[in-house]
Each structure stands twice: as C-alpha cells, then as structure tokens.
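Thank you all for coming; I would like to walk slowly through one chain today, beginning with the whole and then moving to single residues. Please keep the picture in view while I talk.

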Amino acid sequence: MDAGPGSPSSSATNYPVHDMFIQRKSDEENLDRFIPNRSAMDFSYAHYMLTEGAKGKKVPIKNSPSSDAYRKHLAEILNMNRTRILAFKNKPPAPVDLVPHEITSTFPRERTAKPRRVIPQCSERTLDAPDLVDDYYLNLLDWGSGNVLAIALGHTAYLWDATDGSTSELVTVEDENGPVTSVNWAPDGRHIAIGLHNSEVQLWDTASYRQLRTLRGGHRQRVGSLAWNNHILTTGGMDGRIVNNDVRIRSHIVETYRGHEHEVCGLKWSASGQQLASGGNDNLLYIWDRATASSNSAIKWLHRLENHTSAVKALAWCPFQANLLASGGGSGDCCIKFWNSHTGACLNSVDTGSQVCSLLWNKNERELLSSHGFTLNQLTLWKYPSMVKMAELTGHTSRVLFMAQSPDGCTVASAAADETLRFWKVFGAQEATKAEPKATVEPFSHFNRIR
C-alpha cells in the first residue's frame, strides 16, 4: 500500500521539508551563506590565546648603536623628551647673524618715509595794493632773481625788497602815456621792462633808478605782456603782434610773430629759450620755434591750438619736463590744459569751474598752482599728473589776477582786484641746497649802456 504524503518511508530523511526545498532548486541555485559548525570550536582555547597566551612571549627588538644614537639625536632636535611643548621657562636663544655685520653695514639703507608737508591755509603777509588795475589781460606783477618784487599800481611801478621788506617807487609815468600795463624782470634781476598803455616799453636799471632806453615802433596799441629770453625782450600788444627786441642794438626789432587777431595777453619762453608760447583774447594758443626765425620777417607758428573756448592768459612751462606746457582759459572756458609742445597734442584737460587767471609750477615738487576768479577767488594747488586738489587757499575777496614766485621757489605772491597783495608759503621749503647752475650771460654784461 502506497504511503501518503505525510507518512514516512524508507527513503525519506529526518528532514522531509528541507529535502523537498533542495529538490526544487538546481545546483546553481543552492548557494547560501556559510553557517559554521560551532560544535567543532574550542571556545576555551580561543579565549586563552587572545588574553593570556601572548603574554611574555614578545621578543625584544635589538637596535644597532648607530640607530640608537640617531633616535636619541632626533628626539633632542624635535624636543620629544619634553613633557610640555609650550613651556615658557627660559628666554629664547639670541638670533644668529647669517651675514657678518661688516658686510651688512655697507648696504644702502632704505629711505625713511617722507613726512607729509603741511600747507598753510592763510597768507603769511598781506600788503595794500591801491589802484591796482582790475584788467584780466594785463600782467602787473613779477618777482626777480634779485628777490625784489615789482608791481604796477595805476601809473606807478613799485619795488618791494623781500629781504628787508622795504618799498620804493621806481617810476610814475605821465597820464598820456599810462597806465602801466605790464612789468617783467630781466634774468639778471637788476634790469626791468615796463610796458605802457601808449604802446611804448621802457627799460630801467633798478640799482641806479635810471631809465636806460625806450622801445618804440613795435606796436600800435598798449603792451600787455612781456617775456625775456636772455638779451631778447619779447613784447605782446593789443594789436595782436608779437615782437622780439634785441636790447643791445639800436634797431631793436629783430623778429615779428603774426598769428593772433586780438590782444596778446600771455607770453612765456621755455627754459631752453627755443620755444615761445603765446595766448590771446582770440581764444588761441600758439607755440613758436625760435629756430625758424629770420630777421625782419613774419615768423610762421609751430602749432596753432584752438581747444580753449575763452581768452588764454595763464601759461607755464614745466620745470621738470621741457616739452610740457600748461595753459588756462578765461571765464568762458575755466579749463587747465596740458600740451606736448613738440607734437602739439593735448595731454589732459581739467575743468576748474572758474576763470583761470594765472599758473605756476612748483620747482621742488610735481605740483601746479592756479589762481581763479568768481566764485571763490581762490588759489588751488594740484598734484601732477593726477590733478587731485591738494589745497584751496582763500582770503582774497575778488579775482586773483596775478601771481609771482620767489627765486627760491617756496613763496608765492598773489595780487587781486580787491587791491591786496598776499604772500603764501604754499610750496614749502627747499629740502637741500643744490649745486649752483652755471651763470648765464647777462643781457647787458657786454655794454656799458643801452642805446
């Protein structure tokens, strides 16, 4: 009789369910995790070997003497024998000079930082200047190399000695000839040229208070600008003409520059004496080259610059860059412009916001000083070339028409329409006395008198 599914048979195992599961799977599908047979393990022996069996059986490692010495030296260097790393008990050892002191003492030391210059905001001295003509196109103030300041007040030219503060009257012109329209010192600091309203120019010896000669025939109207170039006196007139006068000879007119259509109100020779800058009431700036000059003929300009939109009076050649010229425009322009005199290119233009009456370069630093009219009537100190304002000096109550610089370059005198003359220590003091330059030939050194 067949056995049923639940009855035992001779071929059945003790685990019928397990056998039925295995029979349903192939050999590849019978893989499962390994279950060790714990009955074959001796747990007591294993515990002994893990805890007590390894004690006292370690073999000490024997190092060579050189290895021990190396380890000891390394420990000393790395401070491995110290109990605390940061133990502030002893002072640190003195540093060792890797380079001998004798060698380092010969090296040049670094320059100490230059102290910042303090710019006084007030004038150090104020003088009255009654009857100063309020005319933008004139040039009535100049400071000579002999440290004497010349100023024209109405029909009279005065001299103020900066050494002792004394004032003297040089000349008073007659009413039909005056007023005085320009003054300019010769390079020797002794002779001075005085331009008049009647188109004449007088030459004076200030040491003897004697008039040497009168230059006539160069202009038909007033002479408002003057500029010396050794023995050549250049004059600019209201007639638009520019004339070179050789004061050593009887026929003094040697060259004529024609270009301006209105009054010439600014004249400046470059330091080399080769280029002349002229500004006029026609809003034009000209640069002339002396090398192209020829006797008794009209000279052609080197550059004709039309960038200004108002009269150009303020002119200043840079003392540290020979071909750099600064110019300032009137109330309709209010700009300071910088020019390359070789190429005629405008390098920069700065709107000052007010009429530019005069310009002066600092002889000791890269700075430019400008004087202005409405509304502040101030002197402004600029840093070049950034043109950042360093200071604004106020005190005048009307437009500052004229400026002049002392021979040492430290003090600036300003004359304004408020009829005051003020002195400013705006450029500071000289750092060191420089070597004296070679003496230039004085314009009158070869003649006992001027004809």
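Predicted model: local features only at pLDDT ≥ 70, side-chain atom pairs only at ≥ 80, totals over all residues.

Of the 451 residues in the chain, buried residues make up 44%, where buried means under 20% relative accessible area, exposed means over 50%, and partly exposed is in between, with a 1.4 Å probe and protein chains only. Residues are numbered from 1 along each chain as its sequence is written, and side-chain values use heavy atoms, with hydrogens and water left out.

The chain has 4 helices and 29 strands; these are DSSP runs numbered from the N terminus, with helices being H or I of at least four residues and strands being E of at least two. Among contacts between residues at least 6 apart in sequence, 47% join residues at least 24 apart, and contact here means heavy atoms within 4.5 Å.

Let us turn to the interior. In soluble globular proteins, nonpolar side chains tend to be buried together. In this model the largest nonpolar core has 33 residues, a core being a set of buried Ala, Val, Leu, Ile, Met, Phe, Trp, Tyr and Cys residues joined through side-chain atoms within 4.5 Å. Strand β3, residues 148-153, gives the most to this core, with 6 residues. Leu-141 is one of the residues with the most contacts inside the core, and, not counting residues up to four places away in sequence, Leu-141 touches a list of residues including Leu-149, Ile-151, Phe-402 and Leu-421. Apart from this core lies another, of 15 residues, among them Cys-318, Leu-324, Ile-336 and Phe-338.

Leaving aside neighbours within four places in sequence, Asn-229 is in contact with Trp-269, Gly-273 and Arg-290.

Finally, some backbone details. Most residues other than glycine have a negative phi, and most peptide bonds are trans. Here, however, the peptide bond from Gly-178 to Pro-179 is cis, with omega near 5°, and Pro-179 is found in the loop between β5 (167-172) and β6 (180-185). Another cis peptide bond joins Tyr-384 and Pro-385, with omega about 10°, and Pro-385 sits in the loop between β25 (379-383) and β26 (388-393). Asn-283, although not a glycine, has a positive phi of about 70°; Asn-283 lies in the loop between β15 (275-280) and β16 (285-289), and is partly exposed, with a relative accessible area of 25%.
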